[in-house]
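Dear colleague,

I am handing over the structure below, and after it you will find an account of what was found in it. Please read the two together.

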Amino acid sequence: MEIIYVYTRKRSEFGRPCSFSDRPAKVNVDIPPDPSVASEFILRNPVDSYVQHTSDMSEHEVNTERVEVESRGVNHVEGGWPKDINPQEVEQTIRFRKKVEKDEHYINTITHLGTLMEHCVKQNNAINIYEEYFGEEEVAETEDEPPSAKTINVISKLTSFFHVLLSKRDPNVTKRTATHLSWHPDTCKKLAVAYSSLEFQQNTKDMSFDSYIWDLENPNKPELVLKPSSPLVSLEYNPKDSHVLVGGCYNGQIAYWDTRRGGLPVEVSTVEVSHRDPVYGAIWLQSKTGTECFSASTDGQVLWWDIRKLSEPTETLVLDVTRKGLLENALGAVTLEFEPTMPTKFMVGTEQGIVIACNRKAKTPPEKITSTYSGHHGPVYALARNPFYPKIFLTVGDWTARIWSEETKESSIMWTKYHLSYLTDGCWSTVRPAVFFTTRSDGTLDVWDFLFKQNDPSLSLKVCDEPLSSLRLQDNGCIVGCGSKLGTVTLLEISSGLCTLQRNEKTLATAMFERETKREKILEARHRELRLKERARSEAQETEVEEKLVESPHEVLSRARREFFEVIEVELQRRAQAETQCLRGKVPGMGRTQPQHSLPWGRGHGSASVFQVKDRAGEEAAAQGEESQLLKDKEEEEEEKDAA
């Protein structure tokens, strides 16, 4: 519809009643008659006219102007001092305080305010308005509802954030991947997102380096724009100071921001002492100052930093599993894991599909690499310990997600099926020990509950058409954030059944982990035993081969000749026995009692012996002929071999 007229009116004037008044008639236009045109008048006869008994309608639109909201803060500092008093000078402030405290008006005011304050304190001690009266009762079980997610695409009429899905894209024309997400540690209404393009040599000249902090109550534009010297691959809030963030850049540098100072980094590490490849992981450490962190990169190094002095790292570890400390043998790190309850231990997922467990407090660098876990065919894109069972950890890589136990290093205790699309990220639920999340390259979010179903995910949700690249769950376990390849950040609330601790879930999860760990230990022991037997067998065969090789050629020839004649002798004996048995069956009287009228016993027996002697003589002659022929053939073969 084309807009013809535009009327602008204040919102408070909409619906105001009309105000009518009486006034005399007023002639606006008076057209006098023109006699000269009377001759041109044509009389119409008959006259046809149409009347429609419906009211005429017109279409109108009213657009209200969008209200743009900005977040602004005010920093309060110590004030109220007279102009001639410098608050930074301790002596001047002490002198002024003593002067004021001696004033009678000050004493009367404090006495009056003290009475009011005492009344408020007593009132608070008498009644606790935040008291929980029904905290001891068991929480009512949630109804058995299928796993689901509540989503909505329009957020202009947002009333309750916890029931909607918010979608925000990279504001730049050239879309970049949302590589990392980090929730605000104090409130669930801010999200820091790192944007960068990880495709090699695909960066354009006009591609932005900026990353953003989004305020979920005002998602029309970012609350703060972070301007690093190189695109950010990782970004993490400081859990002790929510105004401070640390970021790992694409060029290997480490930078940190203080949101109270604006979008420019406070300090950046120098290129010479930084990583040589993109920093895929940067995590804050538990320290008294809250300023220590460490980072990992595909250059094969783990570096420890103190943001108060980023001129050089405080400690370095080379991820060489051969424990020689050679950088050319190091494995590239893709993901980093640190559990605050285990401050000296951390884990690194590598490009080669190997997970390296490390101990920072070891005496020598080779001892810092304690163990390795190999189970993926490609890079380990996600690595996370179970928040309820720190010895159980999750890895995501290639087409599967695997659950490991620190006690079994040769194989994982549980794993998912092989998906058709690549898995890109994963994390554990913060409230349920048996639930974890994975993202796929086809834009699908999978929620797994292995107490409910082991072969398939409990919930699969198609979030977007492009590949999902990052995943992060809020501490309350109900809101999950997914970043995509085109820079879209999608926030999704899952159903209460997947974010509410079930009855006996910890006991069941513990029993399952222990059972699977025990099963893998038994299988490992069996495989180890089979390998030892195979090794012993192969060593015995190698020993026999070595003994055979020690013999001289003459000894080998004589042994072969001896074995050959032994075989011939055994064969001749067998043939002689067979022919003897055959003759005994053909000659009369052999093996039977002779009748009385037959020849005398001695003569009859002698006749049979004569036949047997003749037959034996013939057999021996034939055998000797065969033996001589075989010997001749053997000698000819040996002569041919010697000649060759």
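**What was found**

Tyr106 lies in helix α2, which covers residues 104-126; helices here are DSSP runs of H or I with at least four residues, strands are runs of E with at least two, and both are numbered from the N terminus. Please bear in mind that this is a predicted model, in which local features need pLDDT of at least 70 and side-chain atom pairs count only at pLDDT 80 or more, while totals for chains, interfaces and linings use all residues. Residues are numbered from 1 along each chain as its sequence is written, and side-chain values use heavy atoms, with hydrogens and water left out.

Together with Ile107, Ile110, Leu113 and Leu116, Tyr106 makes a nonpolar surface patch of about 440 Å². Patches are made of residues with over 30% relative accessible area and no salt bridge, with nonpolar side chains (Val, Leu, Ile, Met, Phe, Trp, Tyr) joined within 5 Å and like charges within 9 Å. A salt bridge is a side-chain nitrogen of Lys or Arg within 4 Å of a carboxyl oxygen of Asp or Glu, and accessible areas come from the Shrake-Rupley method with a 1.4 Å probe, where for residues only the protein chains shown count as cover. Tyr106 itself is partly exposed, at a relative accessible area of 33%, given that buried means under 20%, exposed over 50%, and partly exposed in between (1.4 Å probe, protein chains only).

Next comes an open sheet of 4 strands, whose order is β3-β4-β5-β6 with antiparallel pairing; two strands pair if DSSP finds at least two bridges between them. Its edge strands, each pairing on one side only, are β3 (177-183) and β6 (224-226). On average, and with direction ignored, neighbouring strands of this sheet are turned by 20° against each other, where axes are lines fitted to C-alpha atoms, for helices over the stretch in contact, and angles run from 0 to 180 degrees between N-to-C directions. Within the sheet, strand β4 (residues 190-196) is joined by 4 bridges to the antiparallel strand β5 (residues 211-215), and Leu191 stands opposite Trp214 in β5.

Strand β16 (residues 345-350) is mostly covered, since 5 of its 6 residues are buried. Strand β15 (residues 333-338) pairs with β16 in the antiparallel sense over 5 bridges, and the two form a hairpin with 6 residues between them. On the other hand, β16 also pairs in the antiparallel sense with strand β17 (residues 354-359), over 5 bridges, and in that hairpin, which has 3 residues between the strands, Gly353 takes a positive phi near 85°. Phe346 in β16 stands opposite Phe338, and Phe346 also stands opposite Cys358 in β17.

As for cysteines, the structure holds 0 disulfides, a disulfide being a pair of cysteine sulfur atoms within 2.5 Å. Cys120 is partly exposed, with a relative accessible area of 36%, whereas Cys293 is buried at 1%.

Some backbone details remain. The peptide bond from Asn45 to Pro46 is cis, with omega near 0°, and Pro46 is placed in the segment before α1 (90-101). Arg323, although not a glycine, has a positive phi of about 65°; Arg323 lies in the loop between β14 (315-318) and β15 and is partly exposed at 34% relative accessibility. Asp398, also a residue other than glycine, has a positive phi near 45°; Asp398 is placed in the loop between β20 (392-397) and β21 (400-405) and counts as buried at 1% relative accessibility.

With kind regards
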